[in-house]
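This report describes the arrangement of helices and strands in one protein model. Please consult the sequence and the structure shown below while reading.

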Amino acid sequence: MDKEIANPSPDPSLLPDSVLDLGVSLPYKGYLPQAEKMALVKYQSLGNYIASAMIFLKSDQLLEKPLTQDDIKFRLLGHFGTCPGLTLVYSHLNRLIVKNDLDMIYVVGPGHGAPAILADLWIEDSIAPFIPDYTRDKAGLEKLIRSFSWPGGFPSHINAEVPGSIHEGGELGYSLAVSYGAIMDKPDLIVCCVVGDGESESGPLAAAWNSHKYVDPAESGAVIPILHANGFKISERTIPGTNDDKELIALYSGYGYQVRIVEDFANINDDLACALDWAVAEIKNIQTAARSGTPIIKPRWPMLVLRTPKGFSGPKELDGVPIEGSFHSHQVPLPGAKTDMNQFKLLQEWLESYDVKSLLTAEGRPVDEILSLIPKVPSKRMGQVKETYNGYTSLDLPDWKPLAKKVGTQYSAMTAVGEYIDLALEHNPKNVRLFSPDELVSNKLDAVFKHTTRDFQWDPETRAKGGRVTEILSEHCCQGWMQGYTLTGRVGIFPSYEAFLGIIATMMVQYAKFMKMAKETKWRRDIGSLNYIETSTWTRQEHNGFSHQNPAFIGTVVKVKSQAARIYLPPDANCFLCTIQHCLRSKNYVNLMVGSKAPTPVYLSAEEAEAHCVAGASVWKFASTDGGVDPDVVLAGIGVEVTFEVIAAASLLKKMMPHLRVRVVNVTDLMILQPEGGHPHALTDEGFASLFTLDKPVHFNYHGYPTELKGLLFGCPNLDRVTISGYDEEGTTTTPLSMMVLNRTDRWSVACKAIEGAAKSNKLVQLESHLLISELQHLRSKHQDYVKEFGHDPEDVYDTPTF
């Protein structure tokens, strides 16, 4: 095995040297006044000391006596390797804010760099205003160092408990998209986003480099992306670490950026200060041109590549193996320091090298040189920018009822929703957006374009028109943009084909975790909900085939903490109109709305739909025997097409077996079906019995996977009487009704379940059950023969059933 070396150089590429002309060259040597440079050096030394002490020390946090191994924590948790680079950038951003009076947020892709960010927040006194125990003095600093990665203290990753954070970074790849979402419709905001070079290898991050093409500089702020190329991830070199300058310049120039490589480590503060001043000046030039009515076409936004040794300022090597400049510094550089004397002595030398006594006053406050870099106005400090914790403004939402559709007609719920969103956009021109993966028109939501357009700046048709629709064929970008947009106070809507929302399932879960912790901090205020509209569902994806038939995202939202998860399956256009208004008004939730783009019957008037949605479920008397009184069996529909099949089955049974008494129930709020106390919307046991009786058989025809519904119902009373049909992972290119047949959610299958259930208590039904079930199965088989012969369903199968 070859001997490890620190900071290995990339092999030269075969690109021509002329590529270097695309990079930005700046005269930076001697750029900073000496006093300013020394203030930055001291700031960085203090930040790096605090970060390293947080990982290791439980006592003697400020080295006031000779350090012993008893002062070291038993569990060494955290990541040091990225910390010096993060603090280097943070110190310079403070300099920029003070110099230019900027509003700036810091987004950190390497979320495991929490020690650096917590250190920086303590230095600028942005923790104590939210968590008073962490004062900017000796007692507060000792508590901060001891409590890091300690039960009850700050965790090892940035999360919602960290002031100023709008991104966790635990699951890599989303920092850049979140940053761009944050600056949309915030013309005075700059987000500096540090992208870890390991993180840059992820697909979501790669797509997010295109985000600037969706930013109108007349109406939005700007992002300064900094690729932190320190060369290593957890145990291997990174791709950017093996790229030479030509390869990096070619790549990011191709994305549309001006690339400035900052890599003179001996003069790093001059180099970085010069580069950041240049970046801000370029941003102002682009914004000024756009805001004066003469926008630059395809502006090349600034981005930096920052090359620094991994874990610089830490220990150089251990037993002849490099630490600084290698993956060994990624997490805990000296993991055996508590028990190994050699490692302990290296730790002691490392911590003492920062000379922390010269960086703090006797009271434990940063010295004046360091404080000179901190913005005097607290709201300008990156840990206290209002948008990061208290930016939400509620929407001015129009009444949906004037858009209500006539009962007895058929209307696409998505068309109706598009009409409502169009009005919502008119009423709220600067704080609501649609983030969509190029599916608005195919999902029948194109009514939104009545008064707006897309916001794609590289297309002359949509450039500089204030469009509210941001479309890109990357679900990851849509999700990241929506997260950044929402967490800085606005409201996002994410419509998608049902089958492909699963692409961002883990992103949504990570965000839900962030929201949970945000609610528990107490100092973070409300935020708008994430609003997903899931359409082009499996029930109407018979033309695209099996790959497009997947309702699994429902199950992902079901597993989110019950305080946040909200899942709605409105059965008609009027119910969906009521639901979309409710979701856009709501706060702190993950709202999933599932519906159809195809025209389907309008069952309920506006008033009936509102009452139904408020209740979450109701007995549909018009489809039930004697209004649902004293049923033999309960048929429950959850979802648009499956509810239609329930109603079609009830109509069929009324004709074929009039002495079978059916109660039809529709559930529009899925989460009411959890046992009492299992969810804020859960039915009481009495409420469950009022819908589903105490003892009669119940058959659920469910849009999603049956196992999801079984899990929700577990703990409800008398479940041995319940049967469930749903998507059973059966599909192909076929007809709509044939898709239902394949998954046993069709009218004939539902009717069979009704007869089987009713036969347990109704002797007349029992007498005829075999005969009628055989006939229904025959009708189902004949339908399949018909579609195979003619290639379509019979013309009348989607006529509204009559009773």
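## Helices α1 and α10

The crossing of α1 and α10 is left-handed, a term used when the near helix is turned anticlockwise from the far one by less than a right angle, with right-handed meaning clockwise. Helices here are DSSP runs of H or I with at least four residues, strands are runs of E with at least two, and both are numbered from the N terminus. Helix α10 spans residues 341-352 and packs against α1 at an angle of about 150°, the two axes being 10 Å apart. Axes are lines fitted to C-alpha atoms, for helices over the stretch in contact, and angles run from 0 to 180 degrees between N-to-C directions. The helices α1 and α10 are therefore roughly antiparallel to each other; angles over 145 degrees count as roughly antiparallel, under 35 as roughly parallel, 65 to 115 as roughly perpendicular and the rest as oblique.

On the α1 side, Y49, S52, A53 and F56 meet L347, W350 and L351 of α10. Contact means heavy atoms within 4.5 Å.

## Basis of the model

The model is predicted: local features need pLDDT of at least 70 and side-chain atom pairs count only at pLDDT 80 or more, while totals for chains, interfaces and linings use all residues. Residues are numbered from 1 along each chain as its sequence is written, and side-chain values use heavy atoms, with hydrogens and water left out.

## The parallel five-stranded sheet

An open sheet is formed by 5 strands in the order β1-β2-β3-β5-β4, with parallel pairing. Its edge strands, β1 (103-108) and β4 (257-262), each pair on one side only. From one strand to the next, the twist averages 20°. Two strands are taken to pair if DSSP finds at least two bridges between them. Between β4 and β5 (residues 301-306) there are 6 bridges in the parallel sense, and V259 stands opposite M303 of β5.

Two helices that pack on this sheet are α2 and α8. Helix α2 (residues 83-100) touches β1, β2 (189-196), β3 (222-228) and β5, and its direction makes about 170° with that of β1. Helix α8 (residues 245-255) touches β3, β4 and β5, and its direction makes about 150° with that of β4.

## Helices α2 and α9

Helix α2 also packs with helix α9 (residues 268-291): their axes come within 10 Å and cross at roughly 50°. The two helices are therefore oblique to each other, and their crossing is right-handed. In α2, the residues L88, V89, H92, L93, R95, L96 and K99 meet I268, N269, L272, A273, L276, D277 and V280 in α9.

## Helix α4 and its surroundings

Within helix α4 (residues 138-147), the buried residues are G140, L141, L144, I145 and S147. Buried means under 20% relative accessible area, exposed over 50%, and partly exposed in between, with a 1.4 Å probe and protein chains only. These α4 residues pack against α1 (34-56) and α3 (114-123). After α4 comes S149, with a positive phi near 55°.

## An exposed loop residue

K376 lies in the loop between α11 (368-371) and β8 (410-412). Its relative accessibility of 65% is why K376 counts as exposed. Leaving aside residues up to four places away in sequence, K376 touches L371 and R381. Its C-alpha atom is separated by 40 Å from that of G254, a residue 122 places away along the chain.

## The buried strand β11

Strand β11 (residues 491-497) has 7 of its 7 residues buried, so this strand is largely enclosed by the rest of the structure. It pairs in the parallel sense with β9 (residues 432-436) over 3 bridges, and L434 stands opposite I493 in β11. Strand β11 also runs parallel to β12 (residues 530-535), to which 6 bridges join it; the bridge partner of P495 is I533 in β12.

## Helix α17

Helix α17 covers residues 606-615, of which A606, A609, H612 and C613 are buried. These residues lie on the same side of α17 because they cover an arc of only 125° around the axis, the arc being that of the directions from the helix axis to the C-beta atoms. E607 and V614, on the other side of α17, are exposed.

The buried residues of α17 pack against α16 (573-585), β16 (617-619) and β18 (662-667). Just after the helix, G616 adopts a positive phi of about 90°.
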